[in-house]
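Trainee: I have a structure open and would like to go through parts of it with you. Could we begin with the terms?

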Amino acid sequence: MSRRQIERIVTPPAPHYVGDGFRVHHFIPGAVGLSMQRMDPFIMMDYNAPFYFSPSKQPRGVGVHPHRGFETVTLAYQGKVAHHDSSGGGGVIGEGDVQWMTAASGVLHKEYHEEQFSAEGGMFQMVQLWVNLPSADKMSPPKYQALEKKQFGRYLLDDVGSVVEVVAGAYKDAKGAASTFTPIHLLNVTLVDQASAEFEFPAHYTTAVVVLEGNIRINENKDVPANHFALLDHSGESFSVQGQGPAKVLVLSGEPIGEPIAAHGPFVMNTREELIQAFRDFENGEFGYLA
Ligand code: MN
(Lines give C-alpha, C1' and ligand atoms only; values in the text may rest on other atoms or scores of the structure.)
Protein backbone atom coordinates (compact mmCIF):
# COMPACT_ATOMS: atom_id res chain seq x y z
CA MET A 1 0.00 0.00 0.00
CA SER A 2 1.67 3.20 -1.08
CA ARG A 3 1.12 6.67 0.35
CA ARG A 4 -0.90 9.28 -1.46
CA GLN A 5 0.80 12.70 -1.34
CA ILE A 6 -0.67 16.19 -1.04
CA GLU A 7 -1.15 17.81 -4.45
CA ARG A 8 -1.99 21.20 -2.98
CA ILE A 9 -3.18 22.96 0.14
CA VAL A 10 -5.78 25.59 -0.76
CA THR A 11 -6.26 28.71 1.37
CA PRO A 12 -9.96 29.62 1.68
CA PRO A 13 -10.79 32.14 -1.08
CA ALA A 14 -12.32 35.47 0.06
CA PRO A 15 -15.90 34.77 1.16
CA HIS A 16 -18.97 35.90 -0.73
CA TYR A 17 -22.68 35.63 -0.02
CA VAL A 18 -25.09 33.19 -1.66
CA GLY A 19 -28.39 34.98 -1.15
CA ASP A 20 -28.02 36.70 2.23
CA GLY A 21 -27.72 33.56 4.39
CA PHE A 22 -24.65 31.70 3.23
CA ARG A 23 -21.25 33.33 3.64
CA VAL A 24 -19.12 30.92 1.69
CA HIS A 25 -15.60 30.19 0.56
CA HIS A 26 -16.03 28.87 -2.97
CA PHE A 27 -13.46 26.09 -3.25
CA ILE A 28 -14.80 24.12 -6.26
CA PRO A 29 -14.62 25.16 -9.01
CA GLY A 30 -12.39 28.17 -9.18
CA ALA A 31 -9.86 27.99 -6.38
CA VAL A 32 -6.42 27.33 -7.89
CA GLY A 33 -6.17 23.69 -8.94
CA LEU A 34 -9.79 22.79 -8.09
CA SER A 35 -11.50 22.73 -11.51
CA MET A 36 -14.63 20.61 -12.07
CA GLN A 37 -12.56 18.31 -14.27
CA ARG A 38 -9.87 17.77 -11.64
CA MET A 39 -12.42 17.29 -8.85
CA ASP A 40 -14.77 14.96 -10.80
CA PRO A 41 -17.27 13.76 -9.45
CA PHE A 42 -17.29 16.69 -6.95
CA ILE A 43 -18.25 19.60 -9.19
CA MET A 44 -18.94 22.33 -6.63
CA MET A 45 -18.13 23.02 -3.01
CA ASP A 46 -19.13 26.07 -0.99
CA TYR A 47 -17.88 26.17 2.57
CA ASN A 48 -19.49 28.45 5.15
CA ALA A 49 -16.70 28.61 7.74
CA PRO A 50 -17.93 29.30 11.30
CA PHE A 51 -19.60 32.72 11.21
CA TYR A 52 -21.93 34.50 13.63
CA PHE A 53 -25.28 35.61 12.21
CA SER A 54 -27.13 38.19 14.30
CA PRO A 55 -30.83 37.61 15.11
CA SER A 56 -33.17 38.29 12.21
CA LYS A 57 -36.98 38.23 12.05
CA GLN A 58 -36.82 37.44 8.36
CA PRO A 59 -34.91 34.16 7.82
CA ARG A 60 -31.82 34.70 5.67
CA GLY A 61 -31.15 32.45 2.75
CA VAL A 62 -31.54 31.99 -0.96
CA GLY A 63 -34.87 32.09 -2.81
CA VAL A 64 -36.39 29.74 -5.37
CA HIS A 65 -33.90 28.46 -7.96
CA PRO A 66 -33.58 25.39 -10.21
CA HIS A 67 -31.04 22.56 -10.47
CA ARG A 68 -30.62 19.83 -13.09
CA GLY A 69 -28.08 17.09 -13.78
CA PHE A 70 -26.51 16.44 -10.37
CA GLU A 71 -27.06 16.12 -6.60
CA THR A 72 -26.75 18.80 -3.94
CA VAL A 73 -25.43 17.59 -0.59
CA THR A 74 -25.79 19.96 2.36
CA LEU A 75 -23.93 19.21 5.59
CA ALA A 76 -24.98 21.39 8.52
CA TYR A 77 -22.36 21.58 11.28
CA GLN A 78 -23.56 24.58 13.29
CA GLY A 79 -26.96 26.25 12.93
CA LYS A 80 -29.94 24.83 11.08
CA VAL A 81 -30.98 25.04 7.44
CA ALA A 82 -34.59 24.82 6.26
CA HIS A 83 -35.46 23.95 2.69
CA HIS A 84 -38.36 23.21 0.36
CA ASP A 85 -38.39 21.79 -3.14
CA SER A 86 -40.92 21.46 -5.96
CA SER A 87 -41.06 17.65 -5.74
CA GLY A 88 -42.63 18.02 -2.29
CA GLY A 89 -39.46 17.47 -0.29
CA GLY A 90 -38.66 19.78 2.58
CA GLY A 91 -37.59 19.94 6.18
CA VAL A 92 -34.90 21.12 8.51
CA ILE A 93 -31.27 20.06 8.37
CA GLY A 94 -30.22 20.03 12.01
CA GLU A 95 -26.69 20.21 13.40
CA GLY A 96 -24.77 17.15 12.24
CA ASP A 97 -27.48 16.18 9.73
CA VAL A 98 -27.17 15.99 5.95
CA GLN A 99 -29.59 16.66 3.12
CA TRP A 100 -28.85 14.66 -0.02
CA MET A 101 -31.01 16.01 -2.83
CA THR A 102 -30.93 14.33 -6.22
CA ALA A 103 -31.99 17.14 -8.54
CA ALA A 104 -31.46 14.90 -11.63
CA SER A 105 -34.12 15.85 -14.25
CA GLY A 106 -34.90 19.02 -12.35
CA VAL A 107 -36.22 20.61 -9.19
CA LEU A 108 -36.86 24.07 -7.89
CA HIS A 109 -35.85 24.67 -4.32
CA LYS A 110 -35.10 27.33 -1.72
CA GLU A 111 -32.68 27.20 1.18
CA TYR A 112 -32.68 29.43 4.23
CA HIS A 113 -31.94 29.60 7.94
CA GLU A 114 -34.42 27.71 10.10
CA GLU A 115 -36.90 30.08 11.77
CA GLN A 116 -35.90 29.73 15.42
CA PHE A 117 -32.17 29.77 14.64
CA SER A 118 -32.80 32.86 12.59
CA ALA A 119 -34.72 34.60 15.41
CA GLU A 120 -32.05 33.81 18.00
CA GLY A 121 -28.98 34.21 15.81
CA GLY A 122 -25.86 32.17 16.36
CA MET A 123 -22.84 30.46 14.92
CA PHE A 124 -23.37 28.96 11.50
CA GLN A 125 -21.15 26.45 9.70
CA MET A 126 -22.00 24.29 6.71
CA VAL A 127 -20.75 22.68 3.53
CA GLN A 128 -22.64 22.43 0.28
CA LEU A 129 -21.25 19.93 -2.16
CA TRP A 130 -22.51 19.14 -5.66
CA VAL A 131 -22.00 15.56 -6.79
CA ASN A 132 -22.20 14.99 -10.53
CA LEU A 133 -24.39 12.29 -12.07
CA PRO A 134 -23.40 10.04 -14.97
CA SER A 135 -25.20 10.87 -18.25
CA ALA A 136 -27.44 7.81 -17.84
CA ASP A 137 -28.85 9.22 -14.57
CA LYS A 138 -28.97 12.96 -15.28
CA MET A 139 -32.62 12.83 -16.34
CA SER A 140 -33.80 10.33 -13.71
CA PRO A 141 -36.60 11.41 -11.30
CA PRO A 142 -35.63 13.77 -8.48
CA LYS A 143 -35.35 12.28 -5.01
CA TYR A 144 -34.44 13.35 -1.59
CA GLN A 145 -32.66 11.74 1.36
CA ALA A 146 -32.97 13.37 4.80
CA LEU A 147 -30.07 11.86 6.70
CA GLU A 148 -29.84 12.29 10.44
CA LYS A 149 -26.61 12.11 12.36
CA LYS A 150 -27.84 9.05 14.27
CA GLN A 151 -28.19 7.08 10.98
CA PHE A 152 -24.52 7.34 10.06
CA GLY A 153 -22.27 4.35 10.64
CA ARG A 154 -19.70 5.11 13.33
CA TYR A 155 -16.21 3.73 13.66
CA LEU A 156 -14.60 4.50 17.01
CA LEU A 157 -10.91 5.38 16.68
CA ASP A 158 -10.26 5.34 20.42
CA ASP A 159 -12.19 5.35 23.68
CA VAL A 160 -12.02 9.10 24.33
CA GLY A 161 -14.33 10.27 21.56
CA SER A 162 -12.37 10.14 18.29
CA VAL A 163 -14.75 8.82 15.67
CA VAL A 164 -15.31 8.46 11.93
CA GLU A 165 -18.94 9.10 11.00
CA VAL A 166 -19.87 7.63 7.63
CA VAL A 167 -22.31 9.80 5.68
CA ALA A 168 -21.78 7.85 2.44
CA GLY A 169 -19.65 4.88 1.43
CA ALA A 170 -17.76 3.05 4.14
CA TYR A 171 -14.94 3.28 6.64
CA LYS A 172 -13.62 -0.13 7.72
CA ASP A 173 -16.75 -1.99 8.91
CA ALA A 174 -18.92 1.14 9.33
CA LYS A 175 -21.37 1.91 6.51
CA GLY A 176 -22.84 5.15 5.22
CA ALA A 177 -26.49 6.10 5.28
CA ALA A 178 -26.72 7.74 1.84
CA SER A 179 -27.38 5.87 -1.36
CA THR A 180 -25.24 7.20 -4.21
CA PHE A 181 -25.20 6.71 -7.99
CA THR A 182 -21.41 6.29 -8.23
CA PRO A 183 -18.92 5.16 -5.57
CA ILE A 184 -18.44 7.99 -3.06
CA HIS A 185 -17.10 8.12 0.47
CA LEU A 186 -18.05 11.08 2.66
CA LEU A 187 -16.71 10.95 6.22
CA ASN A 188 -17.00 13.32 9.17
CA VAL A 189 -13.96 12.71 11.33
CA THR A 190 -13.58 13.92 14.91
CA LEU A 191 -10.08 13.70 16.38
CA VAL A 192 -9.74 14.25 20.10
CA ASP A 193 -6.46 15.81 21.07
CA GLN A 194 -3.74 14.32 18.84
CA ALA A 195 -5.58 11.25 17.61
CA SER A 196 -4.87 10.10 14.11
CA ALA A 197 -6.76 8.10 11.50
CA GLU A 198 -5.66 6.17 8.41
CA PHE A 199 -7.65 6.36 5.17
CA GLU A 200 -7.43 4.17 2.11
CA PHE A 201 -9.22 4.66 -1.22
CA PRO A 202 -8.39 3.45 -4.75
CA ALA A 203 -5.56 5.60 -6.16
CA HIS A 204 -7.65 6.95 -9.06
CA TYR A 205 -10.41 8.29 -6.77
CA THR A 206 -10.58 12.08 -6.35
CA THR A 207 -9.72 12.58 -2.68
CA ALA A 208 -9.64 15.66 -0.44
CA VAL A 209 -9.80 16.81 3.17
CA VAL A 210 -11.56 19.94 4.44
CA VAL A 211 -10.44 21.11 7.89
CA LEU A 212 -13.57 22.09 9.84
CA GLU A 213 -11.98 22.68 13.26
CA GLY A 214 -8.46 22.81 14.65
CA ASN A 215 -5.29 22.10 12.72
CA ILE A 216 -4.22 18.78 11.24
CA ARG A 217 -1.13 17.08 9.90
CA ILE A 218 -1.33 14.80 6.86
CA ASN A 219 1.12 11.90 6.44
CA GLU A 220 3.03 13.07 9.52
CA ASN A 221 4.71 15.88 7.59
CA LYS A 222 2.24 18.38 6.07
CA ASP A 223 0.33 20.81 8.29
CA VAL A 224 -3.07 22.02 7.17
CA PRO A 225 -4.73 24.80 9.18
CA ALA A 226 -8.43 25.26 10.01
CA ASN A 227 -10.77 26.09 7.09
CA HIS A 228 -8.19 25.00 4.51
CA PHE A 229 -8.70 22.41 1.79
CA ALA A 230 -6.11 19.71 1.10
CA LEU A 231 -6.20 17.90 -2.26
CA LEU A 232 -4.51 14.51 -2.37
CA ASP A 233 -2.83 13.25 -5.54
CA HIS A 234 -3.14 9.87 -7.29
CA SER A 235 0.27 8.50 -6.31
CA GLY A 236 -1.08 5.93 -3.85
CA GLU A 237 -4.04 4.71 -1.87
CA SER A 238 -3.50 5.60 1.77
CA PHE A 239 -2.88 8.69 3.88
CA SER A 240 -3.11 9.65 7.53
CA VAL A 241 -4.71 12.61 9.27
CA GLN A 242 -3.53 13.58 12.73
CA GLY A 243 -5.11 16.26 14.91
CA GLN A 244 -2.79 18.91 16.32
CA GLY A 245 -5.04 19.31 19.34
CA PRO A 246 -8.80 18.76 18.92
CA ALA A 247 -9.78 18.70 15.25
CA LYS A 248 -12.62 17.89 12.91
CA VAL A 249 -12.36 17.20 9.18
CA LEU A 250 -14.54 16.22 6.25
CA VAL A 251 -12.91 13.55 4.09
CA LEU A 252 -14.26 13.04 0.59
CA SER A 253 -13.27 10.47 -1.99
CA GLY A 254 -15.09 9.52 -5.18
CA GLU A 255 -14.58 7.66 -8.41
CA PRO A 256 -14.29 10.10 -11.33
CA ILE A 257 -17.19 9.80 -13.80
CA GLY A 258 -14.92 10.75 -16.70
CA GLU A 259 -17.58 12.28 -18.98
CA PRO A 260 -17.61 15.73 -20.62
CA ILE A 261 -18.97 18.49 -18.36
CA ALA A 262 -21.12 21.34 -19.70
CA ALA A 263 -21.99 23.60 -16.78
CA HIS A 264 -23.75 26.92 -16.47
CA GLY A 265 -25.15 28.32 -13.23
CA PRO A 266 -27.52 25.78 -11.68
CA PHE A 267 -27.32 23.22 -14.51
CA VAL A 268 -24.56 20.66 -15.07
CA MET A 269 -24.98 18.53 -18.18
CA ASN A 270 -22.72 16.74 -20.70
CA THR A 271 -23.26 18.93 -23.77
CA ARG A 272 -24.07 22.54 -24.66
CA GLU A 273 -27.30 21.37 -26.33
CA GLU A 274 -28.45 19.77 -23.08
CA LEU A 275 -27.68 23.02 -21.24
CA ILE A 276 -29.76 25.05 -23.68
CA GLN A 277 -32.57 22.50 -23.26
CA ALA A 278 -32.34 22.89 -19.47
CA PHE A 279 -32.78 26.67 -19.71
CA ARG A 280 -35.68 26.20 -22.15
CA ASP A 281 -37.42 23.64 -19.90
CA PHE A 282 -36.95 25.90 -16.89
CA GLU A 283 -38.44 28.88 -18.73
CA ASN A 284 -41.36 26.70 -19.87
CA GLY A 285 -42.17 25.85 -16.26
CA GLU A 286 -41.23 22.18 -16.58
CA PHE A 287 -39.37 22.18 -13.26
CA GLY A 288 -42.69 22.45 -11.42
CA TYR A 289 -43.84 25.17 -9.09
CA LEU A 290 -42.63 26.44 -5.75
CA ALA A 291 -43.98 29.51 -3.96
MN1 MN B 1 -29.61 25.15 -4.47
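Mentor: Helices (H or I, at least four residues) and strands (E, at least two) are DSSP runs, numbered from the N terminus. This is a predicted model, in which local features need pLDDT of at least 70 and side-chain atom pairs count only at pLDDT 80 or more, while totals for chains, interfaces and linings use all residues. Residues are numbered from 1 along each chain as its sequence is written, and side-chain values use heavy atoms, with hydrogens and water left out.

Trainee: Which strand holds His185?

Mentor: His185 belongs to strand 17, which covers residues 184–191.

Trainee: Is His185 buried or exposed?

Mentor: His185 is buried, because its relative accessible area is 17%. Buried means under 20% relative accessible area, exposed over 50%, and partly exposed in between, using a 1.4 Å probe and protein chains only.

Trainee: What does His185 touch?

Mentor: Leaving out residues up to four places away in sequence, His185 touches Ala168, Gly169, Ala170, Phe201, Tyr205, Val251, Leu252 and Ser253. Contact here means heavy atoms within 4.5 Å. With Ala170, a polar atom of the His185 side chain lies 3.1 Å from the backbone nitrogen.

Trainee: Now the metal. Which residues are the protein donors of the manganese ion?

Mentor: They are His65 (NE2), His67 (NE2), His109 (NE2) and Glu111 (OE), lying 2.1 to 2.5 Å from the ion. Along the chain, these donors follow the spacing H-x1-H-x41-H-x1-E. Distant parts of the chain are linked by the pair His65, in strand 5 (residues 61–67), and Glu111, in strand 10 (residues 107–113), which are 46 residues apart. Donors are N, O and S atoms within 2.8 Å of the metal (3.2 Å for Na, K and Ca); water is not among the atoms, so sites may look incomplete.

Trainee: Why does His65 count as buried?

Mentor: His65 counts as buried because its relative accessibility is 17%. Glu111 is buried too, with a relative accessible area of 8%.

Trainee: A new topic: where is Pro41?

Mentor: Pro41 sits in the loop between helix 1 (36–39) and strand 4 (42–53). Pro41 is buried, with a relative accessible area of 0%. Not counting residues up to four places away in sequence, its contacts include Trp130, Ile184 and Pro256.

Trainee: And strand 9: how many of its residues are buried?

Mentor: In strand 9 (residues 98–102), 5 of its 5 residues are buried. Val98, Trp100 and Thr102 point one way, and Gln99 and Met101 the other way. In a regular strand the side chains alternate between the two faces of the sheet.

Trainee: Which strands pair with it?

Mentor: Strand 9 pairs with strand 6 (residues 70–78) in the antiparallel sense over 5 bridges. Strand 12 (residues 143–147) also pairs with strand 9 in the antiparallel sense, over 5 bridges. Two strands pair if DSSP finds at least two bridges between them. Trp100 stands opposite Val73, and Gln99 has Ala146 in strand 12 as its bridge partner.

Trainee: What order do the strands of the open sheet follow?

Mentor: The 7 strands run in the order 2-3-4-11-6-9-12, with antiparallel pairing. Strand 2 (16–18) and strand 12 are the edge strands, each pairing on one side only.

Terms used. Polar contact = N/O pair within 3.5 Å; in protein donor to acceptor, adjacent residues only side chain to side chain.
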